[in-house]
Amino acid sequence: MSDTPHAMELLLITGMSGSGKSVALNALEDAGFYCVDNLPPELLVAFVELEQKHQARRVAIAMDVRSATSLPLVPQQLEALRSQGIAVKSLFLDANTDTLVRRYSETRRKHPLSQGPAGHGEQDARRALVDAIELERKLLAALRAQAHVIDSSIIRPSQLQAYVKTLISSPDAQLTLVFESFAFKRGVPTDADYVFDVRMLPNPHYEPELRPLTGRDQAVMDFLHTQPDVDLMLHHIVHFLESWLDALVRDHRSYVTVAIGCTGGQHRSVYLVERLAQHFAAQWVTLKRHREIDGL
């Protein structure tokens, strides 16, 4: 058997404890990845070299705060692997603190950084958990800054699996644009690099025949297409992004997530995400997400 390295696709999964890394790994296994959970960063390069000798093509590795002392090694290791011709992608799963606290309370799991409750009451236990979560955010900040972020706070596991599979199926590119629609009433996505509020635009919700539809339905698209303010908003967002995307590339950004929010995340934001993705697809790799309606 030859020892010549074979082409490999490597996906590193990091993120907050309780944010859905196990769900993501399951999706990757379904997609044909060989998955390893909680690999110590000190073993990353040696492990990849071994898998290359075994002719592995698609490998996913999950790391988290349990390896906190050695996590600072990872960014440099990933660059070294890229320089060897390995296609490296990095995914960070995030969720807001309230969601993480609720998930820990429901499962009664102990946070990996928890030192036990600061006192004897429920409030003390919650405070200790929140402190552990915020410390985890600080320890993982450098990895988050270099990864594609998915906010799992209010999406279903099936949505998370679909988003992960879409990410790995997208072609390698210098920059990938992710357009995401959402409802302000359910919170702003924490994975957004830019957020545009379009709640001031004419709302199809108040047209009875359009209310049950979405921004992907032709009737809603026709209605919004005739609204001058909607077209003006689209023009302004396009102009902003076209003015700054080249600068983001020079800043070595791999992913940029643009979130478009309206009241319900069903009509206006969905329509604009569809239009924006269509516009930019000619020049950039683009992905679409509709947080409130995906999977319905």
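Where do they sit? Arg186 is in the loop between strand 6 (176-183) and strand 7 (194-197), and Glu292 is in the segment after strand 9 (285-290), so this pair ties together parts 106 residues apart in sequence. Arg186 is partly exposed, at 42% relative accessibility. Glu292 is buried, at 10%. Keep in mind that this is a predicted model.

How many salt bridges are there by this rule? The count comes to 15.

Next, Asp94. Its side chain meets that of Arg137 in a salt bridge, 2.9 Å from N to O. This pair also links distant parts of the chain: Asp94 is in strand 4 (residues 87-94), Arg137 is in helix 5, and 43 residues separate them. Asp94 counts as buried, because its relative accessibility is 4%. Arg137 is partly exposed, at 22%.

Arg137 has another partner. Glu134 forms a salt bridge with Arg137, with the closest N and O atoms 3.8 Å apart. Both lie in helix 5, three residues apart, about one turn of the helix. Why does that spacing matter? An α-helix has 3.6 residues a turn, so residues three or four places apart point the same way. Glu134 is partly exposed, at 33% relative accessible area.

Last stop, helix 4. Which of its residues are buried? In helix 4 (residues 97-107), they are Thr97, Thr99, Leu100, Val101 and Tyr104. The buried residues of helix 4 pack against helix 5 (122-145). Just after helix 4, Arg108 takes a positive phi of about 60°.

Note on methods: Residues are numbered from 1 along each chain as its sequence is written. This is a predicted model: local features need pLDDT of at least 70, side-chain atom pairs count only at pLDDT 80 or more; totals for chains, interfaces and linings use all residues. Side-chain values use heavy atoms; hydrogens and water are left out. Buried means under 20% relative accessible area, exposed over 50%, partly exposed in between (1.4 Å probe, protein chains only). Helices (H or I, at least four residues) and strands (E, at least two) are DSSP runs, numbered from the N terminus. Contact means heavy atoms within 4.5 Å. A salt bridge is a side-chain nitrogen of Lys or Arg within 4 Å of a carboxyl oxygen of Asp or Glu.
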